[in-house]
Amino acid sequence: MPQEQTLSLIKPSSVTANQIGGIINKFEEGGLKVVAAKMVRLTENQAKDFYGVHQGKPFFGELISFMTKGPILAQVLEGENAIQKNREIMGATNPAEAAPGTIRAEFAHSMTENAVHGSDAPETAEKEIAFFFDKKDIYGTI
């Protein structure tokens, strides 16, 4: 399996609830390495740009409101098959359907406040990482 990088966001509800360490621990125990990280607070325009793929969907407004209500921790995770591994560690988008031991099963509150975001494909990961990080700020091996 190839070494990959993927974007991970720890969402406002989990930052506010002081769950950052527990969430990062899950990624690290799962074999992923944090190679870049920064805390940011998205503006409404930034959130709309980042989540533009969901524009027009019924939940879009609620998602934007949630993602701008407090800081997030943006991070780049690296490892073998990192994109798929990250998605497995996160668990199902709906925390009620997330497998026990996954981040969303343990830390999420609802479909919207589901603790974390992760890239879903190599092309998405590249675009999403570039949204938050310059290449010079990533300390991975790729």
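These are my notebook entries on a predicted model of one protein chain.

**Ground rules.** I number residues from 1 along each chain as its sequence is written, and I leave hydrogens and water out, since side-chain values use heavy atoms. In this predicted model, local features need pLDDT of at least 70 and side-chain atom pairs count only at pLDDT 80 or more, while totals for chains, interfaces and linings use all residues.

**Elements.** I looked up the helices (DSSP runs of H or I, at least four residues) and strands (DSSP runs of E, at least two), both numbered from the N terminus. The protein chain has seven helices and four strands. I read their order from the N terminus as β-α-α-β-α-α-β-α-α-β-α.

**Overall form.** I checked the radius of gyration, taken over C-alpha atoms, against the globule rule of 2.2 Å times the number of residues to the power 0.38. The protein chain has 14 Å, which agrees with the value near 14 Å for a compact globule of 142 residues. Along the principal axes, I find the C-alpha atoms in a box of roughly 40 × 35 × 25 Å. For contacts I take heavy atoms within 4.5 Å. Among contacts with a separation of 6 or more, 77% join residues 24 or more positions apart.

**Burial.** I call a residue buried under 20% relative accessible area, exposed over 50%, and partly exposed in between (1.4 Å probe, protein chains only). On that scale, 47% of the 142 residues are buried.

**Cores.** A nonpolar core is a set of buried Ala, Val, Leu, Ile, Met, Phe, Trp, Tyr and Cys residues joined through side-chain atoms within 4.5 Å. The largest one here has 20 residues, and Leu-9, Tyr-51, Met-67, Phe-132 and Phe-133 touch the most other members. I noted the elements that each supply at least two residues of this core, including strand 1 (3–10), strand 2 (33–40) and helix 7 (122–132). Helix 4 gives the most, with five residues. I then listed what Tyr-51 touches beyond four places in sequence; among them are Leu-9, Phe-60, Leu-63 and Met-67. A second, separate core has 17 residues, including Ile-10, Ile-20, Ala-82 and Ile-89. In soluble globular proteins, nonpolar side chains tend to be buried together.

**Gln-5.** This residue is in strand 1. I count Gln-5 as buried because its relative accessible area is 17%. Setting aside residues up to four places away, Gln-5 touches Val-35, Val-76, Ala-125 and Ile-142, among others. Ile-64 is 59 residues from Gln-5 along the chain, and I find their C-alpha atoms 25 Å apart.

**Ser-13.** I found Ser-13 in helix 1 (residues 12–16). Ser-13 is buried, with 9% relative accessibility. Outside four places in sequence, the contacts of Ser-13 are Gln-19, Phe-66, His-109 and Glu-113.

**Tyr-139.** I placed Tyr-139 in the segment after helix 7. Its relative accessibility is 63%, so Tyr-139 counts as exposed. Glu-4 is 135 residues away from Tyr-139 in sequence, with 13 Å from C-alpha to C-alpha.

**Positive phi.** Most residues other than glycine have a negative phi. I looked at Asn-18, where phi is positive, near 60°. Asn-18 is in the loop between helix 1 and helix 2 (20–29), and its relative accessible area of 70% makes Asn-18 exposed. Ala-115 also is not a glycine and has a positive phi, about 75°. I found Ala-115 in the loop between helix 6 (103–107) and strand 4 (116–118), and at 0% relative accessibility Ala-115 is buried.
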